[in-house]
Amino acid sequence: MSGVARREKGSGNGMHCHREDHDLWRQVLRSREKADAKHGENGIEQIPADDPRWLSILVEEVGEVAHAMTYDATDADLEAELMDVLAVASAWLSARKGFTR
């Protein structure tokens with residue numbers, strides 16, 4: 001398998017999560033922690049769910065994904081930027097759901 005998790009029918013909701021999914025989400029949480037430490041009180045774990053900065057932060061990260069897809073970037077650059085998008089999106093969703101860290 002090329003690093004991409006497959007989903008198969010199983011019990012419950014009809015989908016089974018593979019180990020790769022769990023590893024990915026652990027990486028997302030580490031990325032969130034790193035971003036939060038870097039930005040302090042402006043970190044993604046500190047922003048209220050209804051704060052308008054969320055969209056700007058997410059779009060900035062998506063822009064970095066676009067840049068990582070240019071001729072002078074590497075696959076590692078792209079994966080790092082995609083991880084940042086996941087980190088921001090999951091932190092925003094966590095804030096909307098009222099989860100605290």
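These are my notebook entries on a predicted model of a protein.

**Ground rules**

I number residues from 1 along each chain as its sequence is written. Because the model is predicted, local features need pLDDT of at least 70 and side-chain atom pairs count only at pLDDT 80 or more, while totals for chains, interfaces and linings use all residues; side-chain values use heavy atoms, with hydrogens and water left out.

**Confidence**

I looked up pLDDT, the predictor's confidence in each residue, from 0 to 100. The mean for the protein is 85, and 82% of its residues reach 70 or more. Over residues 1-11 the pLDDT stays under 50. For that stretch the model has 17 contacts beyond four places in sequence, a contact being heavy atoms within 4.5 Å.

**Overall make-up**

I found 3 helices and 0 strands, in the order α-α-α from the N terminus. Helices (H or I, at least four residues) and strands (E, at least two) are DSSP runs, numbered from the N terminus.

I then checked burial. Of the 101 residues, 24% are buried. Buried means under 20% relative accessible area, exposed over 50%, and partly exposed in between, with a 1.4 Å probe and protein chains only. The protein exposes about 7400 Å², of which carbon and sulfur atoms supply 55%; the areas come from the Shrake-Rupley method with a 1.4 Å probe, and for residues only the protein chains shown count as cover.

Among contacts between residues at least 6 apart in sequence, 47% join residues at least 24 apart.

**Helix 1 against helix 3**

I looked up how helix 1 (residues 19-39) and helix 3 (residues 75-97) pack: the angle is about 80 degrees and the axes are 9 Å apart. Axes are lines fitted to C-alpha atoms, for helices over the stretch in contact, and angles run from 0 to 180 degrees between N-to-C directions. The two helices are therefore roughly perpendicular, a label for 65 to 115 degrees.

On helix 1 the contact includes L24, W25 and V28, and on helix 3 it includes L86, A87 and S90. By class I noted 7 nonpolar, 4 polar and 2 charged residues. Ala, Val, Leu, Ile, Met, Phe, Trp, Tyr, Cys and Pro count as nonpolar, Asp, Glu, Lys and Arg as charged, and the others, Gly among them, as polar.

**Two residues of helix 3**

S90 lies in helix 3 and is buried, at 13% relative accessible area. Leaving out residues up to four places away in sequence, S90 touches W25, V28 and R32. S90 and R32 are 58 residues apart in sequence, yet 8.6 Å apart in space, C-alpha to C-alpha.

L86, also in helix 3, is partly exposed, at 30%. With the exclusion of residues up to four places away, L86 touches L24, W25 and V28.

How values were computed:
Angles under 35 degrees count as roughly parallel, over 145 as roughly antiparallel, 65 to 115 as roughly perpendicular and the rest as oblique.
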